[in-house]
Amino acid sequence: MSIGFQLAIAALTLAGLLLALVAGLFWFIFGRTLAKHKGETELPGLQAPVEIVRDRWGVPHIYAESEADAFFAQGFVHAQDRLFQMEFSRRLARGTLAERLGLAALEADRWSRVLGFWRAVQADAAALEAEERAALEAYAAGVNAFLETHRYRLPAEFTLLGYKPDPWTVEDSLGVLKLMGWALGQNWEGELLRVQLVQRLGVERALELDPFYPAGHPTVLPEGPVSAEALAELAGRLLDSYRNASAWFGQAATAGSNNWVVAGRRTVTRRPLLANDPHLSVGIPTFWYQAHLTARDGSLEVAGATLAGVPGVIIGHNRRIAWGITAGRADSQDLFLEQRHPDRHGPLRFRFGDDWEPAQVLEERIAVRGRAEPHVEQVVITRHGPLINTLLGPSAQGLPDLALCWTGHFPSRGVRGLLRLQRATDWQSFRAALADVGEPSMNVVYADVDGHIGYHYAARVPRRRWGFGLVPTPGWDERYGWDGWVPFDALPHALDPEQGYLISANNKPALDNQGAEAPFLGADWLPGYRALRIERMLQGKPRFSVRDFAAMQMDVYSVEAEALLPHMISVDSDQPMERRIVRELDAWNLRVEMDSFAAAAYEVMRLHLMDLVFGDKLGDLAQRYKGKTHSDIFTASAFGGKAGMALARLLEQEESWWFADAAAGRPRTRDELLREALRRTAATLYDLIGKDPRKWAWGKVHQVEFAHLLAGGGRLLRAIFSRGQFPVSGDEHTVWMTAFDLQLPFGLVTVSATYRQVLDVGDWDRSTAVLSTGQSGQPFSEHYADMIDMWREGEQHPMLWSRQAVQSQAKATLWLRPVNGKR
């Protein structure tokens, strides 16, 4: 045997050993942590055995003897599949991300501590009644049973970050709900942006950009010790600060949703049908987790979308009723200017009326990984809420003091409402459940097995003493502030409407016909484009099936384009490519499809028009006005969609101040504006897609990536944890909403439908649903990303309900048994 051959054998042996070592390490981190779906497990805390049947899509069907054991098992399966997601959420609520993730997460923790998520959680916990606490404790016991039995087989993220999670608590579940309430809240960013717009443009011009601004509301500061210039500077710096922190709030972001319900006389089965697709930040794992919970004692049977960290079902159905939600967009946040006592050496006091009231001052110590000493954050709380200008640190000295008042700061009975919803049997008990909702505000559609359909706005809306709270108001003036809540019975609602259907898509609730006493809910509804398209589809056919509703959820027709397209195709040009763009747009069917040349041209020209009309007049405010996405909570959610509506209105005019070329200092007609937008569109398509127009398609530049929270840790982690990029259809105003940053070059989709369901009320086995990714949060699980293709193609899987249907698709069964209990 030659020396060369021996060396080759040695090299191969070494390579094999290294490969085995890498494979072993990979298995240690990822493989051994996969959830156990078969067999038996003994757990302390259970009262009786629980059977968990997993179907072929990874959905757990939990069969317990009691509600408490069902919630225990739900906590266990949530921990099996979504433990790191739960851990991230509770750390965000507690303001302890930096303890494990380091300096990069400190800004998020500072905002969390100042906003007071955890202080609000503790107030909610103190208000819990025995039944609510028992449900949360049962759920927490299930999570902790998983932690105790898997302390050395935790999900990969914990191994990579080098720590083990603490036991789950009742407060942690409340923290997850509190974050959801904040994400769906309105509208402190909008108040700050209004201040900046008025300061830059003046009142008249600012009102042209804010069409929902109620007549008669003040748009400039009342007389007082704060200058408009100082407030505008503070507004810009606070928005910048929050944007920097907001990357860590990703999965809490929301853009809206669709839901609709039709009566049995409008369906092929003669039973009501209900559809819902909530729109949230895209990521992996997705926001929702599907489950089916049954207590054999009759106390609970419910199925649908759950929230990892919380017991029960958020969207779905029980034996008798079905429901679906969209963001209600109530104005649940107000900013108050505070006047500090001039004596800076005594106790910190702020003026209210003729008195000076002491503020509460807290010291929050935030541990930061890699730092020996914690960061110390001083939190100042006035009668209205925490001062948020303190987040700017010493550089904010001399700027106004600004307090944030939020409905979430007040104790909530949301858990009681959630539990009542699981058990509701009719319209009356459904309304009683919604009456306990504090935040978030929601549009809820309803159907029951007796054939009724309904809608109810559910929110805790502040009743303002004066004004509408759309700009910061003086906290020292007793005329302002909140005076309790809008009564639940005064909120919009309807049962069995004559038209036979009800729709919500974050559009304005129908309050205008209720007279002068109608309560003010807010002013920042999204455009009615999606709602109008859904209504047209419902009016265009006499009867509907489950598959019809699933197809409607994938609709990409642009109602917004109806207003903009006539102007786009009116342009004359002597350039061949520009003429081709106009011809393609003229022949376009207004469907924003991923393989469409015309859709790509429309989207590019739309953004160029926005930039030409608003960009050089608003300067650095332009992107805030348009929104990072059309309704991103981290940039100016209150103005979501208003840029497009303002553009359509302005283009109806042949001449406008907004059409001017501000850089050149000359006016410009509408035709000149449109020609310049067309020229830029042709150049942009060349740059973004290539010089061959045959390959121009919307999906070339409009794609989605399902990014994991750790994807920013490098290419290897991104490759392991994230999925995509995938071309998709739609935009921020189509029913299949795929929102993106409204700027060029195009970014990835940021918000879309994270869950879709269509419920056949009364014949529950015929209901269908799909997640945007999959059930599991573990990247090497078969259910980590197995629904992505279904989601992209508009397919849904059966929402199995009857035991027979579940068994027909059963893939694995796990028994949870009490320690030393019966078998």
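Which residues does Ser776 touch, not counting residues up to four places away in sequence? Asp81, Arg82, Pro285, Ser781, His783 and Tyr784, where contact means heavy atoms within 4.5 Å.

## Ground rules

What you have here is a predicted model, so local features need pLDDT of at least 70 and side-chain atom pairs count only at pLDDT 80 or more, while totals for chains, interfaces and linings use all residues. Residues are numbered from 1 along each chain as its sequence is written, and side-chain values use heavy atoms, with hydrogens and water left out.

## The chain overall

The protein chain has 24 helices and 30 strands. Both are DSSP runs numbered from the N terminus: helices are H or I with at least four residues, strands are E with at least two. Of the 823 residues in the protein chain, 62% are buried. Buried means under 20% relative accessible area, exposed means over 50%, and partly exposed is in between, using a 1.4 Å probe and protein chains only.

Now for the contacts in the protein chain with a separation of 6 or more: residues 24 or more positions apart account for 73% of them.

## Back to Ser776

Ser776 sits in the loop between strand S28 (768–771) and helix H23 (788–793). Its relative accessibility is 3%, so Ser776 counts as buried. A polar atom of the Ser776 side chain lies 3.0 Å from the backbone nitrogen of Gln778.

## H2 against H8

Helix H2 (residues 67–94) and helix H8 (residues 170–183) have axes that come within 8 Å and cross at roughly 80 degrees. Axes here are lines fitted to C-alpha atoms, for helices over the stretch in contact, and angles run from 0 to 180 degrees between N-to-C directions. That makes H2 and H8 roughly perpendicular to each other, a label that covers 65 to 115 degrees; under 35 counts as roughly parallel, over 145 as roughly antiparallel and the rest as oblique.

On the H2 side, Ser89, Arg90, Leu92, Ala93 and Arg94 meet Asp172, Gly175, Val176 and Leu179 of H8. By class, the residues of the contact of H2 with H8 are four nonpolar, two polar and three charged. Ala, Val, Leu, Ile, Met, Phe, Trp, Tyr, Cys and Pro count as nonpolar, Asp, Glu, Lys and Arg as charged, and the others, Gly among them, as polar.

## H4 against H11

Helix H4 (residues 106–115) and helix H11 (residues 228–246) pack at an angle of about 120 degrees, with their axes 8 Å apart. H4 brings Glu107, Ala108 and Trp111 to the contact, and H11 brings Leu238, Ser241, Tyr242 and Ala245. The classes in the contact of H4 with H11 are five nonpolar, one polar and one charged.

## Salt bridges

Side chains of opposite charge can pair when their charged atoms come close. The rule for a salt bridge is a side-chain nitrogen of Lys or Arg within 4 Å of a carboxyl oxygen of Asp or Glu, and by this rule the count comes to 57 salt bridges. One of them joins Arg90 and Glu87, at 2.8 Å from N to O. These two are three residues apart in helix H2, so about one helical turn separates them. Arg90 and Glu87 are both buried. They also belong to a network of salt bridges that links Glu87, Arg90, Arg91, Arg94, Glu99 and Asp172.

Glu603 and Arg606 form another salt bridge, with the closest N and O atoms 2.7 Å apart. They too are three residues apart, in helix H18 (residues 597–618), and so are separated by about one helical turn. Glu603 is buried at a relative accessible area of 0%, and Arg606 is buried at 0%. Then there's Arg296 with Glu51, where the closest N and O atoms are 3.5 Å apart. This pair links distant parts of the chain, 245 residues apart: Arg296 in the loop between strand S6 (288–295) and strand S7 (300–307), and Glu51 in strand S2 (residues 50–55). Arg296 counts as partly exposed at 40% relative accessibility, whereas Glu51 is buried at 9%.

## Two last spots

Helix H20 (residues 642–650) is mostly covered, with eight of its nine residues buried. Among them are Lys642, Gly644 and Met645.

Gly724, in strand S24 (residues 723–727), is partly exposed, with a relative accessible area of 43%. Leaving aside neighbours within four places in sequence, Gly724 is in contact with Val704 and Glu705. Gly724 and Glu705 are 19 residues apart in sequence, and their C-alpha atoms are 4.5 Å apart in space.

Key: A polar contact is a pair of N or O atoms within 3.5 Å; within protein, one must be able to donate a hydrogen and the other to accept it, and residues adjacent in sequence count only if both atoms are side-chain atoms.
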